[in-house]
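Here is a short tour of a two-part protein model, written for someone who likes to know the cut-offs. Have a look at the structure first, and then we can walk through it together.

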Amino acid sequence: MTGEPQKSGMESDVQHISKSKKRQLENLAEEHGTPIFVIDHEKIRQNYREFKKLLPHVQVYYAVKANSDRGIVKTLHEIGCSFDVASMPEFMIVYENIRDLPDRERQDWIWDKIIYANTIKPIETLQALDQYKPLVTFDNIEELRKIRKHAPNAGLVLRLRVPNTGSMVELSSKFGADPGEAVDLIIAAFDMDLAVEGLSFHVGSQCTNFDNYVQALNLAANVLSEAETRTGKRIRILDIGGGFPVKYHPGVLSLRVLTRKLNAELKRLFEPDIQILAEPGRFLVANSCTLVSKVIGKAFRDGKPSYYINDGIYHTYSGQIFDHCVYPVRAFKEGVTQISAVFGPTCDAFDTVTMSAELPELEIGDLVYSENIGAYSIVSSTYFNGFPPAKVVHINR
Ligand SMILES: Cc1ncc(COP(=O)(O)O)c(C=O)c1O
């Protein structure tokens, strides 16, 4: 299994991790076994600080769905982050951190720091949420009727449908009221004696087409101004959603480029006293996690070295399916590389991590790793074939 090293487009300019980081991961694998999903909490804190620095007037609600690990939520809670939850179990993961606060303080915290940003909520969830009165999103009249009946004390945020052009994960076919219907929905809510406090949108996850944000802000500004004219009421919250891109490869423009545009448009289009929220998920956690797994089998198939590892598409690499994200598999070992196939451990051919990893010749027992795998990955891991999700290991807590 030898040959000239070949470069695949995406991997060619990616920085490889340092020797000391490799040693640390190898030591963790030795200590905990494999596969391990290593979460670096200092990276999460750095991402949060960077986001705050570049969008200083924005309140940051971490989208828990990206990675609902309790340790991550705790770290973000400790540094003052707010939270976007999509279900009652996610709400409770956040709630654990404030359970011991006095009643009044806890209620204030929920008002100020949680948004339930799933536009569709089961009736039982609305009933459970009503006592906490968090912000909740909606985008259609049936949902409004449900909220009127089961959570009349919630603060409402209307989600607008906005362009998701070119985003890695498209959301607008499922969510968001058409801008043409938005004001009528706001009026309908006020007519039901509900409180509409804000407007939200999501430009699609891993949004690298920054015009999506510009168009969304312009649509939101028009809806806000028409709603205020027609209802005579101020809507004070603008939630600019998630979508903030991660530098999975050097071609992705940095957050700084996006935020320059965002800050200029926010200033141009909205009153200075508007409260701005964002719901970053991926940006806060993706680059904080690394997966380490082990070669458990080896073959030569279709002219290629083929390695079977103990994590795969039904586990941490599930993001390759659900999130449309690609996680290059790299070796700890150095040497001349060959294009190789990497398969997961289950008895299903769909469990194919890649047909084109650049790997040196590996032996059974060798370790491999994938970086930037913190978002929408382990959260969709299954127990298929009886293999459990990777063990989570925390560093720099
Ligand atoms: C309502 C909502 N908010 C925030 C997010 C987080 O988005 P991202 O991870 O792209 O920042 C999502 C992701 O699907 C979402 O659906």
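## The domain interface

Domain 1 and domain 2 bury about 1,600 Å² between them, with 58% of it on carbon and sulfur atoms; buried area here is the accessible area (1.4 Å probe) that two parts lose on being put together, summed over both. The size of an interface is often given in this way, as the accessible area lost when the parts come together. This is a predicted model, in which local features need pLDDT of at least 70 and side-chain atom pairs count only at pLDDT 80 or more, while totals for chains, interfaces and linings use all residues. Residues are numbered from 1 along each chain as its sequence is written, and side-chain values use heavy atoms, with hydrogens and water left out.

Where do the domains run? Domain 1 covers 9–39 + 288–395 and domain 2 covers 41–285, with bounds from an automatic or database domain assignment. Their centres, taken over C-alpha atoms, are 33 Å apart. The contact (heavy atoms within 4.5 Å) draws 19 residues from domain 1 and 19 residues from domain 2.

The rule finds 1 salt bridge across the interface of domain 1 and domain 2, where a salt bridge is a side-chain nitrogen of Lys or Arg within 4 Å of a carboxyl oxygen of Asp or Glu. R282 also forms a salt bridge with D323, and the closest N and O atoms of that pair are 2.7 Å apart. Across the same interface of domain 1 and domain 2 there are 6 residue pairs in polar contact, both at pLDDT 80 or more. A polar contact is a pair of N or O atoms within 3.5 Å; within protein, one must be able to donate a hydrogen and the other to accept it, and residues adjacent in sequence count only if both atoms are side-chain atoms.

## Around the ligand

Which residues come nearest to the ligand? Of the 16 residues around the ligand, they are S205, E279, G281, R282 and Y376, counting a residue as near if one of its heavy atoms lies within 4 Å. A polar side-chain atom of E279 lies 2.6 Å from a nitrogen atom of the ligand.

## Local details

By the salt-bridge rule the count comes to 22. One of the pairs joins the side chains of E143 and K146 at 2.7 Å, N to O. These two are 3 residues apart in helix α7 (residues 141–150), so about one helical turn separates E143 and K146; helices (H or I, at least four residues) and strands (E, at least two) are DSSP runs, numbered from the N terminus.

Most residues other than glycine have a negative phi, and most peptide bonds are trans. The peptide bond from T34 to P35 is cis, with omega near 0°, and P35 lies in the loop between α1 (19–32) and β1.
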